[in-house]
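Then we'll walk through it together.

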Amino acid sequence: MKKIEAIIKPFKLDDVKEALLAEEIEGMTVSEVKGYGRQQGHSELYRGAEYVVDFLPKIKVEIIVSENFVDKALKALTESAKTGKIGDGKIFVSSIEKTIRIRTGEEDEEAL
């Protein structure tokens, strides 16, 4: 099993959700996060004063998939979250050693 974490622009969340559902990938955890990369933030004007916004709002999507769904998930995430502009985000893939569904006690693939 693999954990896929994607940091995306907030307005792309619905597109990502629909793309994952189209690939029969159900279940995700979504968090509102802030960060910056090459964008390095930007300046804004508020009540006549200029200030720098270092950390930009992003969405973190986390999904756990079995090995045979990894490529489908990555393709769906990449295509649906892409705008072609700086700040589109990143995708991270890591291994999961154990999964347990608390309600039933099912483990690993059965718990997905």
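What follows goes from the core to a helix pair and then out to some loop residues.

A word on ground rules: this is a predicted model, so local features need pLDDT of at least 70 and side-chain atom pairs count only at pLDDT 80 or more, while totals for chains, interfaces and linings use all residues. Residues are numbered from 1 along each chain as its sequence is written, and side-chain values use heavy atoms, with hydrogens and water left out.

Let's start inside. The largest nonpolar core has 16 residues; a core here is a set of buried Ala, Val, Leu, Ile, Met, Phe, Trp, Tyr and Cys residues joined through side-chain atoms within 4.5 Å. Buried means under 20% relative accessible area, exposed means over 50%, and partly exposed is in between, using a 1.4 Å probe and protein chains only. I8, L20 and I63 have the most contacts inside this core. Which elements give two or more residues to it? They are β1 (2-8), α1 (13-22), β5 (56-65) and α2 (70-81), and α2 gives the most, with five residues. Helices (H or I, at least four residues) and strands (E, at least two) are DSSP runs, numbered from the N terminus.

Setting aside neighbours within four places in sequence, L20 is in contact with I25, M28, I63, A73, A76 and L77, where contact means heavy atoms within 4.5 Å.

That brings us to the helix pair. Two packed helices are described by the angle between their axes and the distance between the axes. For α1 and α2, the axes come within 9 Å and cross at roughly 150°, which makes α1 roughly antiparallel to α2. Axes are lines fitted to C-alpha atoms, for helices over the stretch in contact, and angles run from 0 to 180 degrees between N-to-C directions. Angles under 35 degrees count as roughly parallel, over 145 as roughly antiparallel, 65 to 115 as roughly perpendicular and the rest as oblique. On the α1 side, D15, V16, A19 and L20 meet A73, A76, L77, S80 and A81 of α2. What is this contact made of? Its residues divide into seven nonpolar, one polar and one charged; Ala, Val, Leu, Ile, Met, Phe, Trp, Tyr, Cys and Pro count as nonpolar, Asp, Glu, Lys and Arg as charged, and the others, Gly among them, as polar.

Now for the loop between β1 and α1, where K12 lies. Is K12 buried or exposed? At 11% relative accessibility, K12 counts as buried. Not counting residues up to four places away in sequence, K12 touches S80, A81, K82 and T83.

Most residues other than glycine have a negative phi, and most peptide bonds are trans. E24, though not a glycine, has a positive phi of about 65°. You'll find E24 in the loop between α1 and β2 (29-35), and its 63% relative accessibility makes it exposed. D108 isn't a glycine either, and has a positive phi of about 50°. D108 lies in the segment after β6 and is partly exposed, at 26% relative accessibility.

E106 is also found in the segment after β6. With 30% relative accessibility, E106 counts as partly exposed, and, leaving aside neighbours within four places in sequence, E106 is in contact with T99, I100, R101 and A111.
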